[in-house]
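Here's a quick tour to read with the model open beside you.

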Amino acid sequence: VDHDAITKGNSELLQKLKVLMLEVEVLRQEGEKVPEKMTNERWEEILKAKSKSQRIKQLAFWWINEKKKEKDKEKKQLKRLAREESPKKMTEDNGHITYGFGGSTIFLRMYETTIDRWKNWKLMEAMLFSQSLVIDCGYDTHMNNAELSNCAKQMVILFAENRAHREPFNLYFCNAPRDSKLLTKLEKLVPTIYNPDFPVNITEKHYTEVFPKEKLVYLTPHCREELKEYNDDDIYIIGAMVDKVNNEPLSLGKAKAEGLRRAKFPLDRYLDWGCGTKSLTINQSLNVMLDLRVTGDWDKAFIHVPKRKIRTEQESEAIYR
């Protein structure tokens, strides 16, 4: 561990770091969930934690991820051994023709790299001819570290699901400087994201500098206006924010201050809402927009709303009796 890199020469921080290192070691000795590997970045996050319970939760989160990676590594090792054994079994002389991808087959094998190239080609075509959709990455200061990590993972899923759709959007990540916390975490998850041939638009510019203001519509669950029909001429904006702690209507305030049109999904009109907030994740919102764009049908678009948030028929009958 590089103490100087973490504390940047601050003697008070150095003292606090040493105390926290001792605390973490005591937790490990007591059998608590503490990861084996503690990098400089992790110690910086531990220093930022406001309470011991918050530190324990963060350490447990890293420990769970560490164990998942170990299990995945074991599974890959077992699969590799199974692949090595498979040709030996298939080459045994049993007097019959061996069918399958390793033997005789009438089918052309499609490799993952081929599928990846095809999906990327679809996105490049979308960048030329498809409708644009903006992801507003300007909420760094309103999220804690766990929320930023969650948000970055949602953006990875968002990109993958857009790429897999039959009619993908031309995605724009706006307000996204490379050194921002969110984009730093996103780059760790997708190391090739800044390659010249990566099929996504990332810009530090504000969306009003990229697109005509009159075409922009900010999707926010806090406004009164419902999005009744999909408009192919509009450019919709989804805020890249996870607000588990901060539930303030930040996207609404931002859209009002910038004089943009605002709209929310008509969830109450089509769904019998059960529990939880009416804020969907970034990738769920994108999926709704993708299917709405293709079908024009809210019922079909809302299949992406988690079932746990919707009342069952029995619950609805019990309430409305």
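## The overall picture

Among contacts between residues at least 6 apart in sequence, what percentage join residues at least 24 apart? The figure is 75%, with contact meaning heavy atoms within 4.5 Å.

This is a predicted model, where local features need pLDDT of at least 70, side-chain atom pairs count only at pLDDT 80 or more, and totals for chains, interfaces and linings use all residues. Numbering starts from 1 along each chain as its sequence is written, and side-chain values use heavy atoms, leaving out hydrogens and water.

The protein has 13 helices and 6 strands (DSSP runs: H or I of at least four residues, E of at least two, numbered from the N terminus). Of its 321 residues, 38% are buried, that is, under 20% relative accessible area with a 1.4 Å probe, protein chains only.

## The cavity

There's 1 cavity of 30 Å³ or more: on a 1 Å grid over the protein atoms alone, a set of points where a 1.4 Å probe fits but cannot get out. The largest cavity has a volume of about 40 Å³, counted as the space filled by probe spheres set on the points.

Its lining (residues with an atom within 4 Å of a point) includes Leu123, Phe159 and Asn170. Helices α5 (112-129) and α6 (145-164) and strand β2 (170-174) each give two or more residues to that lining.

## A look at Ser285

Ser285 sits in helix α11 (residues 282-295). Is Ser285 buried or exposed? Ser285 counts as buried because its relative accessible area is 10%. Leaving aside residues up to four places away in sequence, Ser285 touches Ile238, Phe265 and Leu280.

Methods. 1 Å grid on protein atoms, 1.4 Å probe; cavity = no way out; pocket = protein on both sides within 12 Å on 5 of 7 lines; lining within 4 Å. Buried < 20%, exposed > 50% of the residue type's maximum accessible area, 1.4 Å probe, protein only.
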